[in-house]
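New notebook page, new structure. I want to look at one helix first, then at the chain as a whole.

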Amino acid sequence: MALRNMSFRLKMFVIMFIVILIPMILVSTILYKWSEQAITDQTSKVVISSIEFAVTNIDSALENVAGMSRMLLTENRLIAIAKRGEPLKPEEKNEKYNGIMDLLSFFITRIKVMNILEGIDSFYLYLVKQNTIMDSKSTYYEDVNADHVDFVQQAKNGQWKDRWFVSAPVNYDSLNGIETRLETAKQISFTTALTDEDGQDIAVLAANVNESFIRDYYKKIQRGIPGEFVVLDRSSTVVACPDSRLVGSKTAEYSQMNDTILNRNSKSGSFFITVQGEEKFAVYSISDYTNWSYVVVIPASEILGKVDEMQQFMLIVISVTGILIFGITLLLSRFFYKPLEKLVLAMQKIENRRLDFKIKDNRGDEYKRVYQGFNDMVDELNVLIRDLENEKILNQEAEIKLLQAQINPHFLYNTLDSIYSIAKIKKVDEISQMVAALSKFFRISLSSGKEVVTLKEAVQLVINYLTILNIRYKGAITFDLEIPEELYACQVPKLLLQPIVENAVYHGLERRKGGGRLTISAGSKAHALFLYVEDDGIGIEPAALEKLQSMLDGNGPGESSGFALRNLNRQIRLQYGTAYGVTMESVYGQGTRVTVKLPVMTMERGDSDVPHDRGR
């Protein structure tokens with residue numbers, strides 16, 4: 001609304017400025033978003049490639065250690081000791097236990113020599129029946145409380161059997177449930193069990209890897225990729241992290257991140273996440289072997305730093321360009337508006353009655369045609385003014401002639417009144433009735449040139465018409481009026497009912513022997529006026545009725561029998577719309593019913609005299 005009320009010059013300036021500036025802002029925004037997406041996609045691809053390389057090698061190493069653990073449980077010496085139900089004698093312990101300790105150490109050495117896994121730390125073996133734990137790095141512990149042994153409890157629960165998990169190391173303090181302020185490094189353990197014939201665990205073996213192994217391995221292959229490296233298991237427990245104190249624990253930030261990863265249902269990918277109020281870019285890959293989430297968390301500022309610099313540069317460019325566009329648009333609007341301003345000034349001259357003013361300009365562009373058109377318009381305006389003056393004189397002469405022409409209808413009415421008076425004196429009733437009806441018929445049909453009359457006047461015209469016909473047919477035609485009083489004020493076309501009644505008489509009643517009856521009725525519904533003209537004449541044959549209905553719709557040629565109805569229907573539809581018009585119903589041998597639908601329109605009138613009772 002504000003733009004509509006501006007001057008054309010200001011409007012042109014605003015539109016040109018917006019049309020030039022908005023596309024530039026849109027292009028800059030799209031370029032910024034595209035650059036941001038391209039950088040994040042490229043970073044994601046590089047980091048995922050690095051993570052997947054690490055996951056493949058770490059999984060392979062862990063899987064080989066798990067295989068060596070299962071192989072260790074197949075050693076006969078170990079199986080024999082695990083199956084013994086009675087405690088070992090003191091003289092047997094050193095020999096048997098030292099033999100098992102040597103076996104564990106041998107497998108540790110074998111894993112290191114074969115370069116299977118550099119971070120292998122130790123083996124723990126828990127002999128259930130002997131209630132003894134052996135540590136391949138140090139010694140064995142007898143009469144232990146298994147409730148204080150992390151890997152034994154995990155295997156007993158069955159949740160972590162034959163799986164890798166974070167566990168607490170076995171030592172004197174942990175075995176005796178002694179709390180210490182010294183931080184004890186966690187380890188990553190794989191637990192498997194040896195069962196007897198009854199399916200009961202008789203030995204539990206844990207292969208232990210340093211918790212720093214995974215973190216240190218990724219550092220070797222990261223190839224300068226920024227960010228911190230985190231490994232989380234399915235329950236969001238930290239498996240590897242730059243802060244070793246968090247290993248084996250759960251944090252809200254890492255749990256939120258891991259939930260997002262698991263909900264994405266994809267093996268690898270990347271996303272932005274806000275951690276402790278700081279936006280970060282997380283790239284992850286999920287291990288097929290351990291189902292751990294390997295994540296690299298990079299501050300978003302490091303990823304989008306270049307994009308932000310580009311954004312700042314674009315803002316500077318847009319600001320400078322906006323100033324230039326402002327100046328150029330101002331000059332262009334002034335240049336384009338100047339010819340229009342000349343036209344506006346010329347029109348103001350015409351408004352001030354300067355009808356001899358002409359625009360003089362030697363332009364060669366489209367404004368030349370506009371100026372020429374303006375000059376031609378001024379010439380035509382002068383001619384029209386002269387013509388209007390002449391037309392005013394002619395209208396005065398025509399008005400005098402019109403007043404003279406009005407004498408003719410009055411002469412006709414006076415002549416009919418004279419004939420009526422003579423017929424009354426001579427007592428010729430039929431002539432007097434016919435002349436009286438004809439006089440009333442002409443008075444209403446002429447109606448001072450009006451095309452629309454009240455329903456009351458239209459009915460009076462039909463009554464006069466039927467009166468004349470009844471004299472001709474010697475009273476063989478009777479008619480009924482069933483029109484509510486309140487509908488008489490409705491406005492209708494003047495010659496609405498007369499052609500319908502004429503058709504009913506000549507094509508219906510006249511063909512029936514012994515005369516007939518007409519019923520003219522009216523009703524209203526939903527702001528529509530319905531007029532009905534029914535006769536009990538001979539009716540219309542089905543084929544002829546179908547032809548007449550097609551003709552009313554304008555789809556067939558007009559014939560003399562339906563020409564008046566077709567013209568009436570066309571007049572109604574042109575004046576009021578296609579929702580209104582004339583329809584016909586007929587049963588051959590019984591009669592015909594014509595329905596006229598019009599909009600309800602009323603006007604205060606009330607000088608015609610229409611009988612309200614049934615008449616003949």
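Predicted model: local features only at pLDDT ≥ 70, side-chain atom pairs only at ≥ 80, totals over all residues.

I started with the buried residues of α7, which are Tyr254, Ser255, Met257, Asn258 and Ile261. Buried is under 20% relative accessible area, exposed is over 50%, and partly exposed is in between (1.4 Å probe, protein chains only).

Residues are numbered from 1 along each chain as its sequence is written, and side-chain values use heavy atoms, leaving out hydrogens and water.

Next I looked at the other face of α7: turned away from the buried side, it carries the exposed residues Ala252 and Asn263. What covers the buried residues? The cover includes β7 (228-232), β9 (268-275) and β11 (293-299). Helices (H or I, at least four residues) and strands (E, at least two) are DSSP runs, numbered from the N terminus.

The 13 residues of α7 (residues 252-264) should span 18 Å at 1.5 Å a residue, and the end C-alpha atoms are 19 Å apart, which agrees. The expected span is 1.5 Å times one less than the number of residues. Just after α7, asparagine 265 has a positive phi of about 55°.

Last, the whole chain: I found 15 helices and 18 strands. Of its 616 residues, 42% count as buried.

Notes: Contact = heavy atoms within 4.5 Å.
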